[in-house]
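The following exercises concern the fold of one chain and its contact with a second chain. Please study the sequence and the structure before reading each solution.

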Amino acid sequence: MNIWLVMLFGGLITFGMRFSLIYLFGSFEIPETIRKALHYVPPAVLSAIIFPELFLPNGTLDLSLENTRLLAGLVAILVAWFSKNTLITILAGTLALFLLKLFL
Amino acid sequence: MSEQFKNFCAGIRAEFPLLVGVFPFGLIYGALALNAGLSTAAAQLMSSIVFAGSSQFITAQLVHESTPGFIIVLTIAVVNLRHMLYSASLAPYISSLPMRWKALLSYLLTDEAYAATVIHYENEGVTPFSHWFFLGAGFSLWFIWQISTALGIFLGAAIPESWSLDFALPLTFIAMVVPVLKNEPAIAAALSAGVVALVAFSLPYRIGLILAALVGIAVGTVLEGRKSPKEKMRPKGIL
């Protein structure tokens, strides 16, 4: 599928969700289970993207010290934990990857 | 100064601290979207067609990984499901507006617009022009998102090709996910989704991504069970 179609469908779906219950006001309630489940969308989706990036740098599992992305990613996780700051996390992870590639 | 304009400006003022927070995200999105292989036009227009920050970052990453389009669309849908909660939450306050207003405000209903607007409605209730407050909050965020995207694209185009930036997107996701890992169910959701994503990585059409997300969501929801008290919904994430 072409990027423009992806954006068009993605945009229509996003608008549809924002509009949905404003439009249906009074005739539909979101079930409690779905409300709970929505809390876990960000950790689940983001981790599903992050893990392969860190653990499968070439499409195969690499747990060695040669896997600089995994090590730099761990540095970024620690920095994110303590700083709670996006820019600092990105800079720390990028710097870590650069240094690891230089020295390992 | 008309009442409409006063409410509109009050919405912008309430949104202001959130605008400051969103600006760097727009810059990063613009720069990384180009680096991920999107054209300048696609990177810019995604900010008004999809207009949802986290799913725009994810789309850029998935395009970079040559993920099939329907998986990207499905992922956008899952990531943006939370907007239905905002829609449900604000619906009673704007139920008497004409449909064109409802549609416009729905388009502008991001995490940040929701945060400022719901607080206003809870404190002030519905007044004859309070939808102008919603418009001020929503539009100012839209405007800053377009400007910061454009600036990010401009800066991104100036970054030399040799600087490999393709690790910056996963780093952005790490910065987004770590702060939401506040309790065991959330951590379990993240770990289980991550492990399934690794195991299912070689499945065709990158369907493993959707599978992993669904497993993670299910694990978190089941673990939360009925024991924890219902917490008040606080919007989290960007746009």
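**Exercise 1.** Determine the pattern that chain B follows along the sequence.

*Solution.* Read along the sequence, the pattern of chain B is α-α-α-α-α-α-α-α-α-α-α. Helices (H or I, at least four residues) and strands (E, at least two) are DSSP runs, numbered from the N terminus. The count for chain B is eleven helices and zero strands. The model is predicted: local features need pLDDT of at least 70 and side-chain atom pairs pLDDT 80 or more, whereas totals for chains, interfaces and linings use all residues. Residues are numbered from 1 along each chain as its sequence is written, while chains are lettered from A and ligands numbered from 1 in the order in which they are written.

**Exercise 2.** Determine what share of the residues of chain B is buried.

*Solution.* A residue is buried if 20 or more other C-beta atoms, placed from the backbone, lie within 10 Å of its own. By this criterion, 50% of the 239 residues of chain B are buried.

**Exercise 3.** Describe the side of chain B that touches chain A.

*Solution.* Two residues are in contact if their C-beta atoms, placed from the backbone, lie within 7 Å. First, 74 residues of chain B and 59 residues of chain A take part. Next, the elements of chain B giving two or more residues include α2 (40-49), α4 (69-80) and α11 (207-224). The largest share, ten residues, comes from α4(B). Finally, this side of chain B divides into 54 nonpolar, 16 polar and four charged residues. Here Ala, Val, Leu, Ile, Met, Phe, Trp, Tyr, Cys and Pro count as nonpolar, Asp, Glu, Lys and Arg as charged, and the others, Gly among them, as polar.

Terms used: Buried ≥ 20, exposed ≤ 12 C-beta atoms within 10 Å, placed from the backbone.
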